[in-house]
Amino acid sequence: RDKVWLALAWLDPATLASTTFGGDLLLWKNVPEESAHQRFAPVGHPAVVFSILPLPLPQPQPPGHSQRFLTIASDRYIVTWATNAMKSVSSMTTLGGHVYAVQQSPFDPGRLAVGCGDNLLRLWNTEAANATDCVVFWKSIQSRVRSLAWHPVSEELLAFGTEDGTVGMYDVARSKPTSASIQCKSAVVSLCWTRDGSNLVSVCEDGRVALHSDLLSGKAAKERGPEHKACARPLYKQVCSLVVQDSGYLLFARSDGAIEIATEALDDSVIFPVRGRALSCIADNSAY
């Protein structure tokens, strides 16, 4: 109850959505004549908002259509908002669990994979006529779904990581798991694929990073633990990772306030101190 939380997201280069400590949603315009913020109608979440996810505009864009975005909050609902109406237009309950991970498909941005605390994986079609068009997956999932990563080449393959340390993969077209689960030693908090989709990198809560060289065959993962030379002190946690698409390097946000850049094979890395406090997430800007 003593903690506060703010969420920010650029809806377009000139429009910023933000939250307040009380859970209200604000819209900011980065132009001189519209410098003041607008407040959305207070109908949506009766709780603190954790994250904002912009939705892609349909092409061709129908007349009168406006930018839409999703919000995720502690009330266990996913709410869709429209900027022209300045209010929520739909919501979806996640039943028995909080939302831990949301990933847009790189091939179909209107299709979202949602990982929840009720041991279920949901595939949500946000562009369907039915705003709650959702497919649920449960086989091989025995714990909370903490992380997700779409395959960069095969559009139907989705990797998932759970709180009990399981790393697996689903073929969402056939609604079945396609890989033998691989057990890590703690919750899997982040996943990302290498550029060609041949390897999956997982990050666990205990600070270990694993390279899954062949997830489909269920081979054991190559693990890089706290003894790695990049971890001068034990159990510095890399809590978020991703691939910089142009260069092919992995970025790790560390709990010592540093950013670590590593090769895709995890055989070499360099550390850049950024700040004294822990970094909880990291993202690259594809425009630069």
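Reader: Which strand does S14 pair with over 5 bridges in the antiparallel sense, on the S15 side of things?
Author: That's strand S15, residues 166-171, and the two pair antiparallel over 5 bridges. Keep in mind that this is a predicted model.

Reader: Ok. Which residue in S15 stands opposite Gly-161?
Author: Val-167 is the one opposite Gly-161.

Reader: And how many residues sit between the strands in the hairpin of S14 and S15?
Author: There are 3 residues between them, and Gly-165 in that hairpin takes a positive phi near 95 degrees.

Reader: How many residues of S14 are buried?
Author: 6 of the 6, residues 157-162, so S14 is largely enclosed by the rest of the structure.

Reader: Which residues are on each side of S14?
Author: Leu-157, Ala-159 and Gly-161 are on one side, while Leu-158, Phe-160 and Thr-162 are on the other, and all of them are buried.

Reader: Let's talk about Leu-158. What is Leu-158 in contact with, leaving aside neighbours within four places in sequence?
Author: Its contacts include Leu-148, Ala-149 and Trp-150, plus Gly-168, Met-169 and Tyr-170. Ala-113, Leu-121 and Val-172 are also in contact with Leu-158.

Reader: Which residues touch the most other members in the largest nonpolar core?
Author: Leu-158 is one of them, along with Leu-121, Leu-148, Tyr-170 and Val-172, in a core of 13 residues. The elements giving two or more residues to this core are strand S11 (121-125), S13 and S14. S13 gives the most, with 3 residues.

Reader: Switching topic: how many helices and strands are in the protein?
Author: 0 helices and 25 strands.

Reader: And how much of the protein counts as buried?
Author: 46% of the 288 residues.

Reader: Last one: what share of contacts with a separation of 6 or more comes from residues 24 or more positions apart?
Author: Those residues account for 38% of such contacts in the protein.

Conventions:
Residues are numbered from 1 along each chain as its sequence is written. This is a predicted model: local features need pLDDT of at least 70, side-chain atom pairs count only at pLDDT 80 or more; totals for chains, interfaces and linings use all residues. Side-chain values use heavy atoms; hydrogens and water are left out. Buried means under 20% relative accessible area, exposed over 50%, partly exposed in between (1.4 Å probe, protein chains only). Helices (H or I, at least four residues) and strands (E, at least two) are DSSP runs, numbered from the N terminus. Two strands pair if DSSP finds at least two bridges between them. Contact means heavy atoms within 4.5 Å. A nonpolar core is a set of buried Ala, Val, Leu, Ile, Met, Phe, Trp, Tyr and Cys residues joined through side-chain atoms within 4.5 Å.
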